[in-house]
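Subject: Model handover

Hi,

Here is the structure I promised to pass on. Have a look at it first, and then read my notes below.

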Amino acid sequence: MAILIAGLTALLLALLFANTLLKPLHTLKAVAGRMEQGDLSQRVSIKDKGEIGALAHAFNAMAESLSRSEQVRRNLVNDVAHELRNPLMNIRGSLELLCDGVLKPTPETLASLYEETSLLSRLVSDLQDVSLAEAGRLRLACRPVELVEVVKQTVQIVQPQLEQKHLALHVHYSPYLPPIYADHERVAQILRNLLRNAITHTPGGGEISITATASASLVSISVRDTGTGIAPEHLPYIFERFYRADPSRSRTTGGTGLGLAIVKQVVQAHGGQITVASKKGEGTSFTFTLPTASNTSIYSEKGASGHSIE
């Protein structure tokens, strides 16, 4: 009788323990099934502080990450569709008017169509750069580069835009600026994007400055302007794809909303960092770092961020 009672008691305790252990696992399984059907808002509420609780916490973190990724994907699709729709509608409308004879193929009309197709081309190229960078597949032809030469070439490219808005550009270098170890074309791309951004948001008669200083292992480059500045609530998102602090500028500037996102990705691919400081109405300063030619140890075979280094 004692053995029978002990056995029944052990069985009941085992069933109780098993139910306590299996119930949260069944809950996890049910929630995972609903997520599999596409409902990424599902979360589990398990208060256990042991391994089951840790598993529930990891599951919720995974679900949150998947939800954010899906939202980013949807936003990207919507943004790309929006950016493509406007120029395509303009091109289609103009071509229909040309075909109907309502609109004459004047140089101005052809120039407008060319500008719209150029915008589409820049958008596709920028999207490709961002996609490659985020996937860690951006190819960098790194070698010792004289930053002074890159700055001079970039300034020549944007000089017509500077003169058109009557903007003054000042360039300052620290003495004995060492060569950087970087991809010449990509560094020029960084500077072009930052300078064009500064030109766009600086009123006529304003000033833009480029400053380069060196430390033992890094060269720091700053692009400052006396433009309209960026409100504090926009600063955390300024490097996100298609983000604009002023949405009304989307068509007037002709930009794709990807310039600063590309800048950040390319800087990080070189092993550098970029920061922004701004005050509304007082201008903006972007500062990024690049390794010196004597500090190539930060690169592995696949680069500082998994990117291919030639």
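A residue is called buried here when its relative accessible area is under 20%, exposed when over 50%, and partly exposed in between (1.4 Å probe, protein chains only). By that scale Cys142 is buried, at 7% relative accessibility, whereas Cys99 is exposed, at 68%. Counting a disulfide as two cysteine sulfur atoms within 2.5 Å, I find zero of them.

Please keep in mind that this is a predicted model: local features need pLDDT of at least 70 and side-chain atom pairs count only at pLDDT 80 or more, while totals for chains, interfaces and linings use all residues. Residues are numbered from 1 along each chain as its sequence is written, and side-chain values use heavy atoms, with hydrogens and water left out.

On confidence: pLDDT is the predictor's confidence in each residue, from 0 to 100. The protein has a mean of 80, with 83% of its residues at 70 or more.

Now the fold. There are six helices and seven strands, taken as DSSP runs numbered from the N terminus (helices H or I, at least four residues; strands E, at least two). Their order from the N terminus is α-α-α-β-α-β-β-α-β-β-α-β-β. Of the 310 residues, 35% are buried.

A nonpolar core is a set of buried Ala, Val, Leu, Ile, Met, Phe, Trp, Tyr and Cys residues joined through side-chain atoms within 4.5 Å. The largest one has 48 residues, and Leu147, Ile221 and Phe288 touch the most other members. Helix α5 (residues 184–200) gives this core its largest share, eight residues. Another core, of seven residues, lies apart from it and includes Val31, Met35, Phe59 and Ala63.

Lastly, how many salt bridges are there? The count is one, taking a side-chain nitrogen of Lys or Arg within 4 Å of a carboxyl oxygen of Asp or Glu. Arg92 pairs with Glu96, their closest N and O atoms 3.2 Å apart. Both belong to helix α2 (residues 51–100) and sit four residues apart, about one turn of the helix. Arg92 is exposed, at 57%, and Glu96 is partly exposed, at 41%.

Best wishes
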